[in-house]
Amino acid sequence: MAHQVFAKIVIAGALLIICLPPLWAQAPYVAGVTETREKEWRALVAAAQVAYGEGRAAEAIDPARKALALGEELFGGDDPRTLISANDLALPLESVGRYREAEQLLRRVFDSYLRTRGEDDPNCQMALENLIDFYLARKRPDAARPLAKYALETFRRTTGSASERSRRMENILAGIPKLSANSEGE
């Protein structure tokens with residue numbers, strides 16, 4: 001009897017540990033400190049967005065990078081606030097020609113939204129469009145085409161065939177040169 005009770009306690013404890021978020025996923029809430037650090041994050045995000053919006057992409061990188069690091073620490077890697085910071089860093093990096101890092105961030109944002117919120121989420125759809133636009137700007141039809149096909153299917157289902165997003169993907173697909181059947185995997 002005591003053995004069964006002990007086993008149940010061990011199992012319950014193990015389940016509790018499994019269900020808890022990892023300790024590194026998010027900083028603990030500390031009144032006063034957390035609010036101050038979140039204000040710092042907001043100020044960094046605003047500074048990055050203003051600099052980028054005014055055409056000063058190089059100046060946007062440092063506050064955007066700091067905002068991303070702080071967002072990961074405060075909110076966790078998959079939190080929408082952190083993903084905003086990742087996107088805000090990708091844009092100026094792309095503008096200054098740091099394409100590999102920008103692509104990794106845009107892919108991260110899309111993958112995270114897809115995993116945590118699903119393809120029907122408007123933020124996931126926006127992240128998908130950003131990634132497609134990145135590949136189009138880099139003249140990478142091999143990467144843009146399958147994503148645009150996926151986006152069109154998703155947008156038709158979620159926003160309708162006549163929606164702006166669906167029409168935009170149709171136009172993008174019409175403008176991407178057809179690849180050979182072997183390279184498309186059809």
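How many aromatic pairs does the structure hold? The structure holds two, with rings of Phe, Tyr and Trp (its six-membered ring) counted as a pair if their centres lie within 6.5 Å. This is a predicted model, in which local features need pLDDT of at least 70 and side-chain atom pairs count only at pLDDT 80 or more, while totals for chains, interfaces and linings use all residues. Residues are numbered from 1 along each chain as its sequence is written, and side-chain values use heavy atoms, with hydrogens and water left out.

View 1. Helices (H or I, at least four residues) and strands (E, at least two) are DSSP runs, numbered from the N terminus. Read from that end, the elements run α-α-α-α-α-α-α-α-α. Of the 186 residues, 34% are buried; buried means under 20% relative accessible area, exposed over 50%, and partly exposed in between (1.4 Å probe, protein chains only). Among contacts (heavy atoms within 4.5 Å) with a separation of 6 or more, 59% come from residues 24 or more positions apart.

**View 2. Trp41 and Phe75, an edge-to-face aromatic pair.** The ring centres are 5.2 Å apart, with 80° between the planes; planes under 30 degrees apart count as stacked, over 60 as edge-to-face and the rest as tilted. Here the pair links distant parts of the chain: Trp41 belongs to helix H2 (residues 33-53) and Phe75 to helix H3 (residues 57-75), 34 residues apart. Trp41 and Phe75 are buried. Look also for Arg81, which lies over the face of Phe75 at 3.7 Å from the ring centre. A charge sits over a ring if NZ of Lys or CZ of Arg is within 6 Å of the ring centre and within 35 degrees of the ring normal.

**View 3. Phe134 and Tyr135, also an edge-to-face aromatic pair.** For Phe134 and Tyr135, the distance is 5.6 Å centre to centre and the angle between the planes is 70°. Both of these residues, Phe134 and Tyr135, are buried.

**View 4. Lys139, a residue with a positive phi.** You will find Lys139 in the loop between helix H6 (122-137) and helix H7 (141-159). Its phi is about 55°, although Lys139 is not a glycine. Is Lys139 buried or exposed? Lys139 is exposed, with a relative accessible area of 72%.
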